[in-house]
Amino acid sequence: MKKIWTFLARDEGAVTVDWVVLTAAIIGLCVLIASAMQDGAMGLADAFMAYMANWTFS
């Protein structure tokens, strides 16, 4: 029983776990932001393309 309590009391890998969780959160936010930006950019490009379709050049 003493070995179990000693194992639970150690905090040697806690910093590594913190960095892994922080890095995963940052990557997740970047993916969400990139996805939102892609949808908005494609909508803007489609609207601009529809606007330019009516242009005539002499």
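**Notebook: aromatic rings and overall form**

I started with W55, which is partly exposed at a relative accessible area of 38% (buried is under 20%, exposed over 50%, partly exposed in between, with a 1.4 Å probe and protein chains only). I am working from a predicted model, where local features need pLDDT of at least 70, side-chain atom pairs count only at pLDDT 80 or more, and totals for chains, interfaces and linings use all residues. Residues are numbered from 1 along each chain as its sequence is written, and side-chain values use heavy atoms, leaving out hydrogens and water.

Next I looked up ring partners. Rings of Phe, Tyr and Trp (its six-membered ring) pair if their centres lie within 6.5 Å; planes under 30 degrees apart are stacked, over 60 edge-to-face, the rest tilted. I found 2 aromatic pairs in the structure. Y51 and W55 have ring centres 5.6 Å apart and planes at 80°, so I noted the pair as edge-to-face. W55 and F57 are also edge-to-face, because their planes stand at 75°, with centres 6.2 Å apart. Together Y51, W55 and F57 form one aromatic cluster. I checked exposure too: Y51 is exposed at 52%, and F57 counts as exposed at 70%.

Then I turned to the whole chain. Buried residues make up 0% of its 58 residues. I counted 2 helices and 0 strands (DSSP runs, H or I of at least four residues for helices, E of at least two for strands, numbered from the N terminus). The C-alpha trace spans about 90 × 15 × 5 Å along its principal axes.

Last, I visited W5, found in helix α1 (residues 2–9). W5 counts as exposed, at 55% relative accessibility.
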